[in-house]
Amino acid sequence: MRTELRVLGPVELVGDDGVVALSGQKHRSLLAALALAGGRACSADALVDALWGQTPPPSAAKLLQVYVSQLRKALPEGLAVVTLSAGYALDRVAASLDSERFERLLDEAGDALESGNPALAASLAEQALGLWRGPAFAEVAYEDFARGEAERLEELRLVACETRLEARLRLGEHAEALGEIVALADEHPLRERMQGLAMLALYRSGRQVNALERYAALRRHLDEELGLEPGPRLRKLQRAILRQDAGLELDSARETRVGSLPVAPNPLVGRVRELELLDRLLTRREARLLVLTGAGGSGKTRLALEAARRAAPSYANGAALVELAPLRDPELVAPTIAQALGLAEVAGEAAIDTLADALRGRELLLVLDNAEHVRQAAPRYAELVARAPRLTLLVTSRAVLHVTGEHVFPVAPLDTAAAVELFDQRARARQPDFEPTHANQSEIREICLKVDCLPLAVELAAARMRVLTPETVLQRLTERLSFLTGGPRDVPARQQTLRETLDWSYGLLSDEERELLARLSVFRGGATLEAVATVCFDGDEDRALDLVESLADASLLLVRRPEGEARYSLLETVRQYAAERLEELGADAPRRRHAEWFLALAERAEPELSGESQTQWFALLELEHDNARAALTFFLQASEGESALRLTVALSRFWYVRGHLGEARRHLEVVLPSATDQDPLLLRRAQTAGASIALLQGDYEASTAFAEGALVSARRAGEPRFVANALSNLGAIVLAAGDETRAAVVLEEAVTLAREVGDERITALALNNLGDLALATGDYARARPLFEESLRLLRARGDTANIARSLFNRGAVDLMLGDHAVAAARFREGLALANDTDDKEDLAWCLEGLAAVAVRDRDGERASVLLGAAAGLLAQMGADFKPFERQLHETTQRQAETLCGPVEHTAARERGAVMVLAEAVDYALGAGPLSATGR
């Protein structure tokens, strides 16, 4: 512990051994005077004045030397009084000053409040106030040398109180904080910020009259005592209260706490000492990259989650679990963390930079589970905690990561008593009438010792109490351990121990159960009964159900219901063991069936992603995303380029709409180079998908290359309508890239060819893109008929997937020509259609259009909210603006800020940015204020 000089209360020193004894008041006054100098020299005369005031004794100079000498002897290491030519100075080489720490925390709390993180602001302000032990410089506060600094610090103390209370109001805690706020406001009747907080808290608590009375009292006090009026912010608050402004109901702060950690169904057995140590490390921030290591099945995850649950309240922005077990690609670690926290997608070489930037202002505890599967990502964890100073990572891994700042916490097996308790608990859960007796208690203890008291192994053994006695379990377990003695020496002992337990459990299964367990290892992220039946039993669901239930009874299979339908998955350690058994059975066939099953599922889903049931299909593909990755990996490793290409094409719209742009791009860039000899029409679809994704990412060069490749493939296929479609896409892309001349040539050719082949859909899309060119160049007279014809053709075909975009474009022309009411109607219709199809890109553009209408209606706040909602949606997708949309956005933003002022504009944008999609759509389609949950 560093030495600390404390002045926020009685002046004192604290070292490693506690409070340092100072012999008298003169020594404390001398220390206070030196501390106030901030390391500068204090003259002997100034110190004499500090110690004796205006009436020093005749021997004051000599007494001062004595006091300095005595103080030097009392000071702990790291703190010294040095003699300079100009007097004495306090040298704080390794000592801190609590008032400096207080001011630093207060500044950080203010920054957090300003940046929209009230939870962190409240926490930091609370920490700052926790440093106070009484009045600043308590016993010398009224002395001339200390009075000014003491009064300054007391003023800052009130500011800290106000900051903490304002943060609590932004968090919606007005009811809990009301008493404290009113008491402080009564104590300081002329502090406008405090009175404003009291007025707001009273109003939100249903006491509007009291809030207005408080304003009147303040106004009266200011007038009588200072001849002043309340400031503009307080006057604005009073007017808002008078008209019962809906904006006062809830604060505009963004939600800053992440979701809750999963709650285990059973209490944690044992681990009391481990939890105490982990609690200290996590709550005191003594380790910010804490790695729990140990054998597979030792209970690392269970212990980590319990420790995180206990420590979570001390983290302003909460705690979250990030599952790494399904991953194999280290590049997916950063996107997975971002997804778990509800952040915008991060990908590519800059992924860690983007993630670090997003986490820098948050105080979070993240549990990264099963990190050994992606150990190449370990250096990134150290980089994250270095660049995000309030982030703590609690990592579970079978192996030490060997990175800078790592604090290794070995997780040993349970002690024998805890293992026996766990066995009894789990045995009763499986067999309610199970009762340990004096006779079988020793056998249970021996079972636990035979499996090294590993929690997973103990649970697997206890599960057998449903059909076996402890004596029988011990006999069979002993036989298996003896049989496996002397196994491969290149396998770590920890794996041998768990493998013995799993071998024994595997040995109790029937041949059919063993085969199913092995085959289930091909699934990642779980599987439905239909999937298990298709891959493992040629579609026989009844047979599959019987065996799935058997494996669940054997505690080898997990049953979850994430979307209502049961999904079956294996613990990762069990899945790895099952994968080894699959190798023995012949691995290719089940893995191939799994890949082919998913390919069929993806191709069945693809046309549904634009239909009425698209919401369910998107949700299904999200659940099966890890299976998609496994299937694609299999096809690539098997050099089955056509299947890999088909799967990539089938998933492209899912990746695009759900915002998995970076992952989609990586897959396309791997698949396409090896697919040049494939069916040109299939190749064209993949290249078209790549062009759309790169365009949305703002990578015009790559998008153009993809689009030009699609045009080549279309020409090679000899299909004129696909050539027209490829030309239309290419024209839109080069327009976005800024090449209006080339765009005009390409799009004119696209429209002409589409008309010649008579394909109304492609004609409509090409007309729409040509209209985009006219819109971007300000030729609204030409844009209008192009968009009108496009929209007419799309409506005739019922092509809802593209009507929303066409409506936005048509509305944009109306907007530019001054017909705001018609424009608004088109934007609202487009928004509703895009919402029905869950097309986030078109949702964003229609929100932008409605924001532009709002500024023309002089409603700057509404425009700002809508701009924030649109920007938040695009950020979640990792998408960029196109030329016209960017111009419209920038113009609207400037006008909205002018209408409502920079502070109000920023606050409104933040309200919009944190809206969930349904709230944003409801707000945009209506004319009323934000809903309560939108603030």
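For the classes used below, Ala, Val, Leu, Ile, Met, Phe, Trp, Tyr, Cys and Pro count as nonpolar, Asp, Glu, Lys and Arg as charged, and the others, Gly among them, as polar. The model is predicted, so local features need pLDDT of at least 70 and side-chain atom pairs pLDDT 80 or more, while totals for chains, interfaces and linings use all residues. Residues are numbered from 1 along each chain as its sequence is written, and side-chain values use heavy atoms, with hydrogens and water left out.

**Exercise 1. Determine which residues line the largest cavity, and their classes.**

Step 1. A cavity is a set of points on a 1 Å grid over the protein atoms alone where a 1.4 Å probe fits but cannot get out; lining residues have an atom within 4 Å of a point. A volume is the space filled by probe spheres set on the points, which are joined across faces, edges and corners.

Step 2. The count is 1 cavity of 30 Å³ or more, and the largest holds about 30 Å³ of space.

Step 3. Its lining consists of E512, E515, L516, R519, C536, F537 and R543. By class, 3 are nonpolar, none is polar and 4 are charged.

Step 4. Helix 21 contributes the most to this lining, with 4 residues. Helices here are DSSP runs (H or I, at least four residues), numbered from the N terminus.

**Exercise 2. Characterise the salt bridge between R519 and E515.**

Step 1. A salt bridge requires a side-chain nitrogen of Lys or Arg within 4 Å of a carboxyl oxygen of Asp or Glu. For R519 and E515 the closest N and O atoms are 2.2 Å apart.

Step 2. Both residues lie in helix 21, 4 residues apart, about one turn of the helix.

Step 3. Buried means under 20% relative accessible area, exposed over 50% and partly exposed in between (1.4 Å probe, protein chains only). R519, at 18% relative accessibility, therefore counts as buried, whereas E515, at 30%, counts as partly exposed.

**Exercise 3. Classify the ring pair W52 and Y67.**

Step 1. Rings of Phe, Tyr and Trp (its six-membered ring) pair if their centres lie within 6.5 Å; planes under 30 degrees apart count as stacked, over 60 as edge-to-face and the rest as tilted. The structure holds 6 aromatic pairs.

Step 2. The centres of W52 and Y67 are 6.1 Å apart and the planes stand at 35°, so this pair is tilted.

Step 3. W52 belongs to helix 2 (residues 44-52) and Y67 to helix 3 (residues 60-74), so the pair ties together parts 15 residues apart in sequence. W52 and Y67 are both buried.

Terms used:
Helix = DSSP H or I, 4+ residues; strand = E, 2+ residues; numbered from the N terminus. 1 Å grid on protein atoms, 1.4 Å probe; cavity = no way out; pocket = protein on both sides within 12 Å on 5 of 7 lines; lining within 4 Å.
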